[in-house]
Every structure is written in structure tokens, then in C-alpha cells.
Amino acid sequence: MKPARDVSRLVEIMAALRTPVTGCPWDLEQTFETIVPYTLEEAYEVADAVRQGDMDDLREELGDLLLQVVYHARMAEEEDHFDFADVVEAITKKMIRRHPHVFGDEDARSSGMAKGMWDRIKAEEKAERSARREALGLPDKKKRFLDDVPALFPALVEAEKLQRRASKVGFDWGDPVPVLAKIREETRELEAELTSGNPDRARIEDELGDTLFALANLARHLDIDPEAALKRTNTKFRTRFAAIEDHAQDTGTTLDAMTLDEMEAVWQAAKKK
């Protein structure tokens, strides 16, 4: 089998890998549950390639992410649920429907995206989904208001999106000042637990979680992406720690042999730069 530019070749490769007896033993062992961590990892690697502006790496990582879609679709096809073509049809149908000002008739294109049209389209999709699940004998899950925020998001992202969603119905502070007060309250409670005569690990974790949640809320009020802000600090940490590592190499010592004071001195010098 030779590589090709047509996505159908990728579908064929995955089918071959999943063919009993002649396929790949590792691929044959996989399930939806075991593949999900790889799917998430590949999505993060795509994001990292974008962050670095590395287009060659992005091309590779997008291919790895596409493989994950094909992988899930193949396993679904084996269980007679749907196949890759169904996935493509579903998303193309959705994109065409959600953009009548682009793909609609001449009147729709000339009028643009009318006010309220997006909500109307979403309502139609929701009704169709309910009908489809009913026809398949699947329960139509009752969705709570916050269920639109996936629980598999990274915790910091999930916190910000939960708060943003709740704010749509008025469950929110009007400005950042009360959020700062909440952060101080949470840190006091965390400190109290840490300095108590009998600190409880579960309560410490709970108070730390409350503090992080409040910090994510402050980021939202400041219109700052908390994940991006923390990523920026992570990058600074990498750079400054690399300076310590370089110093150790330049002076003929090792990181293990350096004292904390020596490391701190190099850290502060790197920070000034």
C-alpha cells in the first residue's frame, strides 16, 4: 500500500490495521476509551505547533489528529454505529446550515446573518438530535444548563467556561474587585487549614481548588485567558531554569550540587534580563 493525498487512503490504512489476524496486534487491542488519551494529546500537540509558529510541525500534528478521527470512526463502523463518511456528512451539513449567509440562496446571502438566526438554527439542530436519538432507541439526555461545557476540558479551562456560562443568566459579580476579595478569602481558608493542628489533606485540596477557581474567575473578569496566562508563566519558568542549568554547565558543576541560594542568584539575574 502506498501513501496518497486522498483521505480515503488513510481510511483504508486504518481498516487494514484493524483487520483481525492480518492487522496490527496493538491497534486491534484498542477501544474508544484507550484511544481518547491519544486524541487529547494530539490536539495539544497541534496547539503547541501553532504556538511555536512551526508550520512543518503543524502539518505533521494535524495528520496525527486526523488519524484519531479516522480511528474512532473505524471502531464505530466495526460496531455498526457509523463510519468516516457519516462523520464528514454530519459536519458538512452542520457548517452549511449554520452559514446561510454564505451557502444559502441569493436572498440569504445578501441579507447576512440575521439577528436570532444562530439561536434558531441551534434549536433546530437540538430538535433533530432528539428525534434521531429517539429513532435509534437512545435516551435523549436531559441537559443541565452547564452541560454545554465538556467535563473533559483541562480543569482551568473548564472553570473559566463554567463561570462564563453561568454569567449568561446573571450568576456573576459585576466587576473584578469582589473577585479579589473572594481570592483573599480562599487563601485565608487555605492558610488556616495548613496551619491547623491537624491538617486534613482532603480539605487542603478542597481549599486549593476553591482558590484556583477564584483565580480563573478573576482572569475572566479581566478578559485574560487563564490557560494562556499560566502557559506564559510556564515559558518564563522554563527559560529562567534553563539559565540555571547553563550556569551549572559553564561553571563545571551540576544542578544537584548547586545550593538553593546559588540557584536563586542565577534565577534573579535571568529575570532581570
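The legends below describe close-up views of a predicted model.

**View 1. The two spans of the domain annotation.** For "domain: NTP pyrophosphohydrolase MazG-like", an unreviewed UniProt entry lists residues 30-103 and 180-240. In the model, residues 30-103 are 86% helix and 0% strand, and the C-alpha atoms at the ends of this span lie 39 Å apart. Residues 180-240 are 84% helix and 0% strand, with end C-alpha atoms that are 29 Å apart.

**View 2. Packing of helix H1 against helix H4.** Two packed helices are described by the angle between their axes and the distance between the axes. The crossing of H1 and H4 is right-handed. On the H1 side the contact involves Val7, Leu10, Val11, Met14 and Ala15, and these meet Leu66, Leu67, Val70, Tyr71 and Arg74 of H4. By class, the residues of the contact of H1 with H4 divide into 9 nonpolar and 1 charged, with no polar residue.

**View 3. Packing of helix H9 against helix H11.** Helix H9 covers residues 155-167 and helix H11 covers residues 201-221, and their axes come within 9 Å and cross at roughly 60°. That angle makes H9 oblique to H11, and the crossing of the two helices is right-handed. H9 contributes Leu156, Ala159, Glu160, Gln163, Arg164 and Ser167 to the contact, while H11 contributes Phe213, Ala216, Asn217 and Arg220. The contact of H9 with H11 has 4 nonpolar, 3 polar and 3 charged residues.

View 4. Most residues other than glycine have a negative phi. Val21, which is not a glycine, has a positive phi near 75°, and this residue lies in the loop between helix H1 (7-17) and helix H2 (25-29). Val21 has a relative accessible area of 84% and therefore counts as exposed, the cut-off for that class being over 50%. Asp80 is likewise not a glycine and has a positive phi of about 60°; its place is in the loop between helix H4 (55-78) and H5. With a relative accessible area of 70%, Asp80 is exposed.

**View 5. Phe82 in the loop between H4 and H5.** Phe82 belongs to the loop that lies between H4 and H5. Its relative accessibility is 37%, so Phe82 counts as partly exposed, a class that runs between the 20% and 50% cut-offs. When its neighbours within four places in sequence are left aside, Phe82 is in contact with Ala73, Ala76, Glu77 and Val87. The C-alpha atoms of Phe82 and His72 are separated by 9.9 Å, and the two residues are 10 residues apart along the chain.

**View 6. Met95 in helix H5.** Met95 is placed in helix H5, which covers residues 84-98. With a relative accessible area of 39%, Met95 is partly exposed. Met95 and Met14 are 81 residues apart along the chain, and their C-alpha atoms are separated by 26 Å. Met14 is also one of the H1 residues in the contact with H4.

Technical notes: Residues numbered from 1 in each chain as written. Predicted model: local features only at pLDDT ≥ 70, side-chain atom pairs only at ≥ 80, totals over all residues. Heavy atoms only, no water. UniProt positions renumbered as here; feature names shortened; annotations may be inferred. Helix = DSSP H or I, 4+ residues; strand = E, 2+ residues; numbered from the N terminus. Buried < 20%, exposed > 50% of the residue type's maximum accessible area, 1.4 Å probe, protein only. Axes fitted to C-alpha atoms, helices over the stretch in contact; angles between N-to-C directions. Parallel < 35°, antiparallel > 145°, perpendicular 65-115°, else oblique. Left-handed = near helix turned anticlockwise from the far one by under 90°. Contact = heavy atoms within 4.5 Å. Nonpolar A, V, L, I, M, F, W, Y, C, P; charged D, E, K, R; others polar.
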